[in-house]
Amino acid sequence: MFDVPFPALARPLEGDVVIFGLKLKPDDPPLSEIMRALEEEGARVLGGIQGSVGSEYAAMFVIELPPGTRADELRTKIAEIEGVLEVRAGGSRVGDLWVNDALNGLLLMGDRAGVIPLDSTRSLFEAVRRYWGPAGEAFLYHMGVAAGRDSYQKLVKIAALDGREMLELFLGILKSCGWMSWYEIVEFSEEEGRAVVRLRGSFECSGWRSETRRSNILRGVLTGFISAIWRTPTVGEEVRCEALGDPYDEISVMAMKI
């Protein structure tokens, strides 16, 4: 259940779908009362997400309505619950699917972020590799380095962390965005100028079979991020790669001696 992402599309078993976007009382959000109201109407929750956003508490639920139940009537019933500050109803039907039109990307490190399917992302990067070869791979790597440095500058404004903890936080964010399924910091020493990170399920390497190592963007992102933590130039090398049949990717980042 924890590997299932929040749906952008929903197909009901029967009836229609409605997406409720809610603003709730932040110190005491009435979630149990909302669930009770939905159950009383025979509505089925297909997906949901809720939590604090700044000073507000927001929630979004994808609801399958039983035949004969009107979305506006259910919205009115939920709006009358004490602690519900606002309710918006949405959802667009295309064929037998409903589009979650309440979704509008993600809020990531204080910035609005878009979402690209991993297969499409792989196709983009593979085109660079195919048409430009090693030069294209170097291009992808340095793109990643720039993105890693920029990510540090944004994250440092949010988190009062540094060193290994900052890297742990960043890796957790990358995992939550689907860049990998598992990670481990094997080594992190600013004094020795060396960091080693292991990954499984990388979007660049997992599921491929190749005669060459494939991590360019992610290797660059980690190299650039660690470079920003240490405030010194670094270089990243992929020592092991899932695409070669290794059990994990291993990326070694070294401080450059100037």
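Let me start with the surface: the chain exposes about 14,800 Å², of which carbon and sulfur atoms supply 53%, with accessible areas taken from the Shrake-Rupley method with a 1.4 Å probe, where for residues only the protein chains shown count as cover. This is a predicted model, in which local features need pLDDT of at least 70 and side-chain atom pairs count only at pLDDT 80 or more, while totals for chains, interfaces and linings use all residues. Residues are numbered from 1 along each chain as its sequence is written, and side-chain values use heavy atoms, leaving out hydrogens and water.

Of the 258 residues in the chain, 38% are buried, where buried means under 20% relative accessible area, exposed over 50%, and partly exposed in between, with a 1.4 Å probe and protein chains only. The secondary structure comes to five helices and 13 strands, these being DSSP runs numbered from the N terminus (helices H or I, at least four residues; strands E, at least two).

Now to one residue, Arg219, which sits in helix H5, residues 217-230. Arg219 is buried yet has no salt bridge, and the nearest side chain of opposite charge, Glu238, is 5.3 Å away; Lys and Arg count as positive and Asp and Glu as negative, with His and the chain ends not counted, and a salt bridge needs a side-chain nitrogen of Lys or Arg within 4 Å of a carboxyl oxygen of Asp or Glu. Leaving aside residues up to four places away in sequence, Arg219 touches Tyr141, Glu204, Gly236, Glu237, Glu238 and Ile251, a contact being heavy atoms within 4.5 Å.
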